[in-house]
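Let's take a walk through a protein model together, one stop at a time. Have the sequence and the 3D view ready, and look for each residue as we come to it.

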Amino acid sequence: MDIDKKPTISVLMPVFNNQDSLRESFIQVYDEYRNNFPHYVLEVLYINDGSRDNSWDILQELQLEYPEYISTVNLTRNFGQLGALLAGFKLAAGDSIVIMSADLQDSATTITEMVQLREKGNEVVIAYRQDRQDGVVASVFSKVAYGMARKANPQIPKGGFDYYLLSRKAADIICSFQGQHRFLQGDILWLGLPTAFIPCTRRKRKHGKSGWTFSKKLKAFIDLALDSSSFPLRMMSSFGAIASLGGVFYAVLIFLQWLLGSTPYYGWSPIMITILIIGGALMMMLGVIGEYIWRIYDILQQRPPFIIESINESSASSKDAEI
């Protein structure tokens with residue numbers, strides 16, 4: 001980068017039915033920028049991920065009001081958070097990209113800390129959830145999911161993270177990965193780039209309901225389990241070994257009872273119980289194997305993770321501002 005050019009910070013916000021918080025989210029980021037890092041060029045990049053409310057109309061209004069700061073991208077449909085983030089990584093103009101929630105649950109004051117740590121040479125800055133105010137169910141799910149992820153990668157913070165900064169280098173590497181069913185946080189830490197961690201509190205949602213439904217949480221949990229470790233496969237192998245040993249033990253027991261002139265168990269109940277347990281376990285194992293096969297098939301299809309319908313760029317995304 002030329003010395004007479006200001007570096008650019010892109011604040012990337014995926015949007016899904018966030019009409020009530022979009023204006024306030026921009027104002028908070030803008031105020032933090034003006035007060036603490038005005039020596040940068042700011043781009044606030046909103047990716048509309050198939051919102052069904054008035055989010056896109058509001059984003060267009062904001063872009064017209066603040067064309068020098070706001071860029072808006074409209075995807076053709078809802079591609080999910082990963083697709084929206086990948087679109088943002090590719091389109092962001094920033095030398096550094098801050099990934100932030102559009103629902104006001106992330107505090108904009110943390111951006112300044114991220115920028116300062118980026119200036120010290122960190123390629124990744126992670127604001128991990130030290131505390132959260134968004135409900136017991138979300139907290140319990142997060143602890144269980146990230147507890148499993150930490151067994152595969154102890155570097156993952158206990159509370160997990162969705163609020164972070166990536167250098168352009170880190171974002172480009174992430175975009176080179178294949179597959180649309182991935183555990184993105186694990187991918188980020190897998191890079192091995194210089195990484196800093198700072199604590200943050202996830203605030204209670206101010207407007208509307210979360211789009212993070214149970215089905216999406218379940219999918220994220222499955223992606224985490226299958227993508228972060230070989231635990232599911234090892235669990236199947238372990239269960240198979242235990243079942244085999246149990247079968248040998250059971251056969252020896254029957255043989256000994258036969259030598260003693262008696263039959264150990266009568267009726268069809270023991271047989272049915274054994275068949276149901278083993279049959280259910282086999283079906284579960286086939287399901288896990290099917291998930292892995294589906295992910296391989298997904299990669300082979302090479303479908304794009306997102307499709308863009310329209311883009312409105314800010315002046316920051318088209319050129320660097322001179323000092």
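This is a predicted model: local features need pLDDT of at least 70, side-chain atom pairs count only at pLDDT 80 or more; totals for chains, interfaces and linings use all residues.

pLDDT is the predictor's confidence in each residue, on a scale from 0 to 100. Across the protein, the mean pLDDT is 83, and 78% of the residues reach 70 or more. Where is the mean pLDDT of an element lowest, and where is it highest? Helix H11 (residues 315-318) has the lowest value, 63, while strand S4 (residues 96-99) has the highest, 97. Over residues 319-323, pLDDT stays under 50. For that stretch, the model has 14 contacts beyond four places in sequence.

Now let's turn to the aromatic rings. A pair of aromatic rings is described by the distance of the centres and the angle of the planes. Searching the whole structure gives 10 aromatic pairs. One of them joins Tyr30 and Tyr33, whose ring centres are 6.4 Å apart with 50 degrees between the planes, a tilted arrangement. Why might these two meet? An α-helix has 3.6 residues a turn, so residues three or four places apart point the same way. Tyr30 and Tyr33 are 3 residues apart in helix H1 (residues 22-36), so about one helical turn separates them. Tyr33 is also buried, with a relative accessible area of 4%.

Another pair is made by Phe37 and Tyr40, and this one is edge-to-face: the centres lie 6.3 Å apart and the planes are at 80 degrees. Both of these residues, Phe37 and Tyr40, are buried. If you zoom out, you can see Phe26, Tyr30, Tyr33, Phe37, Tyr40, Tyr66 and Tyr69 forming one aromatic cluster.

Next, find helix H3 (residues 80-91), which has 12 residues. From first C-alpha to last, helix H3 reaches 17 Å, close to the expected 16 Å. Its buried residues are Leu82, Gly83, Ala84, Leu85, Leu86, Ala87, Gly88 and Phe89.

Our last stop is Asn122, in the loop between helix H4 (109-119) and strand S5 (124-132). Is Asn122 buried or exposed? Buried means under 20% relative accessible area, so Asn122, at 13%, counts as buried. A polar atom of the Asn122 side chain lies 2.9 Å from the backbone oxygen of Leu117. Leaving aside residues up to four places away in sequence, Asn122 touches Leu117, Pro194, Thr195 and Ala196.

Terms used
Residues are numbered from 1 along each chain as its sequence is written. Side-chain values use heavy atoms; hydrogens and water are left out. Helices (H or I, at least four residues) and strands (E, at least two) are DSSP runs, numbered from the N terminus. The expected span of a helix is 1.5 Å times one less than its number of residues. Buried means under 20% relative accessible area, exposed over 50%, partly exposed in between (1.4 Å probe, protein chains only). Rings of Phe, Tyr and Trp (its six-membered ring) pair if their centres lie within 6.5 Å; planes under 30 degrees apart count as stacked, over 60 as edge-to-face and the rest as tilted. Contact means heavy atoms within 4.5 Å. A polar contact is a pair of N or O atoms within 3.5 Å; within protein, one must be able to donate a hydrogen and the other to accept it, and residues adjacent in sequence count only if both atoms are side-chain atoms.
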